[in-house]
Amino acid sequence: TTTTTTTTQEDDPQVNAAAAQLDHTHLSSSSAAYDNGGAAADPAAEQQAPQSKAVALYAYEAQADWQMAFAAGETLVVLTDRGDGWAECQAEDPNDARRGLVPVSYVRMS
């Protein structure tokens, strides 16, 4: 007689360890915070939400590492309007990694 043993992914310790590591990595990356104490937005929620844009009315030089510098006329993608005079934005160009808070008085939101 031949006995066949079937192992499901849930029973495999290596699969369980890999899944636990992925969960830990996701939680670590989504819980990052800016130096000003504001929590970073959840990347999964950002991908699902429709993104609005803003055009810079004036050039802005970042005063802290959690802020984003930009040039007058530059188009930014608005990730979150915090409602406190600051919006979390990123560069419109996907090859440009700039991201941070910008003063809403320097941009025209659309």
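Predicted model: local features only at pLDDT ≥ 70, side-chain atom pairs only at ≥ 80, totals over all residues.
Residues are numbered from 1 along each chain as its sequence is written, and side-chain values use heavy atoms, with hydrogens and water left out.

View 1. Of the 110 residues, 23% are buried (under 20% relative accessible area; exposed is over 50%, partly exposed in between; 1.4 Å probe, protein chains only). The chain holds two helices and five strands, in the order α-α-β-β-β-β-β from the N terminus. Helices (H or I, at least four residues) and strands (E, at least two) are DSSP runs, numbered from the N terminus. Take contacts (heavy atoms within 4.5 Å) between residues at least 6 apart in sequence: 43% join residues at least 24 apart.

**View 2. Five strands form an open antiparallel sheet.** The order is E4-E3-E2-E1-E5. Strands E4 (99-103) and E5 (107-109) are the edges, each pairing on one side only. Two strands pair if DSSP finds at least two bridges between them. Neighbouring strands are turned by 40° against each other on average, direction ignored; axes are lines fitted to C-alpha atoms, for helices over the stretch in contact, and angles run from 0 to 180 degrees between N-to-C directions.

**View 3. Strand E1 (residues 52-56) pairs antiparallel with E2 (residues 75-81) and with E5.** Four bridges join E1 to E2. Three join E1 to E5. Val55 has Thr75 as its bridge partner in E2 and stands opposite Arg108 in E5. Ala54 stands opposite Leu76 in E2.

**View 4. Tyr60 and Phe70 form a stacked aromatic pair.** The whole structure holds four aromatic pairs. Rings of Phe, Tyr and Trp (its six-membered ring) pair if their centres lie within 6.5 Å; planes under 30 degrees apart count as stacked, over 60 as edge-to-face and the rest as tilted. Here the values are 5.7 Å centre to centre and 25° between the planes. Both residues lie in the loop between E1 and E2, so the pair ties together parts 10 residues apart in sequence. Tyr60 is buried at 9% relative accessibility, and Phe70 is buried at 5%. Tyr58, Tyr60, Phe70 and Tyr106 form one aromatic cluster.

**View 5. Trp66 and Trp86 form an edge-to-face pair.** Their ring centres lie 5.6 Å apart, with the planes at 65°. Trp66 lies in the loop between E1 and E2 and Trp86 in strand E3 (residues 86-91), so the pair ties together parts 20 residues apart in sequence. Trp66 is buried, at 16% relative accessible area; Trp86 is partly exposed, at 22%.
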